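Look over the structure below before reading on. The notes that follow are grouped by topic.

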Amino acid sequence: MATLRVAAKPALAPMKVAQIAKPGADFEIVERGIPEPGPREVRIKVLACGICHSDVFTKEGAWPGIQYPRVPGHEVAGIVDAVGADISEWQRGQRVGVGWHGGQDNTCRECRRGDFRNCRNLKICGISYDGGYGQYMVAPVEALVAIPETLSDAEAGPLLCAGITTYNALRHSGAFPGDLVAVQGIGGLGHLGIQFANKFGYKVAAIGRGSEDASLAKKLGANVYIDSRSTSAAEALQKMGGAQVILATAPDSKAMSALIDGLGPNGKLVVVGATVDPIAVTPAQLINGSRTIQGWAAGTPAASEDTLRFAELSGVRPMIETYPLERAGEAYARMMSGQAQFRVVLTM
Ligand SMILES: [Zn+2]
Ligand SMILES: [Zn+2]
């Protein structure tokens, strides 16, 4: 009598990811099957992923609608490992990254106007779907960023969030070469903001707390260093004629509020350091000198490619500390401590 044998489906090879099982949980390293890309999706073999302060949204469940378990990470660099159906523009083996902008819907009003950055249904890598804290991930083609040959994976990762955020905010700020531009905070965002501001030809005032960052700020390209602990930064900026733009990178609303009086006529406070505390400002402060306050969030994958190309051209690079994927929890804690110099990057 013949025995009926049912062929078992070949088991997918496992991969390691660092996931968050539920809001507030610690990182756990788990094995999962390597995912298959669907139509208009690619699978990325992740080689590096930067750790961003905004990963706190996934870690703590502070973003609405996250489904758990979730793998964070939106500073992804790697290579295309498999290409889904209906894709002709990306090839297997190509170096790619994914940043905060994880894909737009192409149908909302903003998308129809070409303003993909402000898509009403923006997908965020590591929030809307699993991100780069793992050996493999799947991303929609709308999210893909081509990485130039001269940038390493660990350098490219942080440029896809901290880099594009400061680069894009500054290039859209309206400041011209020679204008006084202040960068508040010398950290993960600020150390890149100072470099970009210098390469854009601004007169750069770096604002830090304490005297210890002065020499580093100047090395990064600041013309002036203002220690906001020992002096009023707003007064110091006014002595130089007032800032055309202040890029506020440190997530400290009190410190941001104190800087508004440092703006010159038509000056703009550009806020990129994310916090939920209110900024204090009086109507009189805004009316006198027609000052404005504007927020800015990252940008499209095309703008990320602009950032990478400009970094390649100008020599702007993130300062990084690398950790292996297995030590994701420790690496995340290092980022949260504020002691990292300056971006923490996981390598696979
Ligand atoms: Zn980020
Ligand atoms: Zn849209």
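In this predicted model, ring pairs join Tyr167, Phe196, Phe200, Tyr202 and Phe310 into a cluster. The structure as a whole holds 11 aromatic pairs.

**Aromatic rings**

- Trp63 and Trp100 form an edge-to-face aromatic pair, with 5.6 Å from centre to centre and 80° between the planes.
- Trp63 belongs to the loop between helix H1 (56-60) and strand E4 (76-83), and Trp100 to the loop between strand E5 (95-98) and helix H2 (109-112), so their pairing ties together parts that are 37 residues apart in sequence.
- Trp63 is partly exposed because its relative accessibility is 30%, while Trp100 is buried because its value is 13%; the cut-off for buried is under 20%.
- Phe196 and Phe200 have ring centres 6.3 Å apart and planes at 40°, so this pair counts as tilted.
- Both Phe196 and Phe200 are buried, and both belong to the cluster that also includes Tyr202.
- The charged end of Arg117 sits over the ring of Trp296, at 3.7 Å from the ring centre.

**Asp306**

- Asp306 lies in helix H9, which covers residues 301-314.
- Asp306 has a relative accessible area of 23%, so this residue counts as partly exposed.
- Leaving aside residues up to four places away in sequence, Asp306 touches Tyr167 and Arg171; Tyr167 is also one of the rings in the cluster.
- The side chain of Asp306 makes a polar contact of 3.1 Å with the side chain of Arg171 and another of 2.8 Å with the side chain of Arg309.
- Asp306 and Ile164 are 142 residues apart along the chain, and their C-alpha atoms are separated by 8.4 Å.

Terms used: Residues numbered from 1 in each chain as written. Chains lettered and ligands numbered in written order. Predicted model: local features only at pLDDT ≥ 70, side-chain atom pairs only at ≥ 80, totals over all residues. Heavy atoms only, no water. Helix = DSSP H or I, 4+ residues; strand = E, 2+ residues; numbered from the N terminus. Buried < 20%, exposed > 50% of the residue type's maximum accessible area, 1.4 Å probe, protein only. Contact = heavy atoms within 4.5 Å. Polar contact = N/O pair within 3.5 Å; in protein donor to acceptor, adjacent residues only side chain to side chain. Phe/Tyr/Trp six-rings, centres within 6.5 Å; stacked < 30°, edge-to-face > 60°. Lys NZ or Arg CZ within 6 Å of the ring centre and 35° of its normal.
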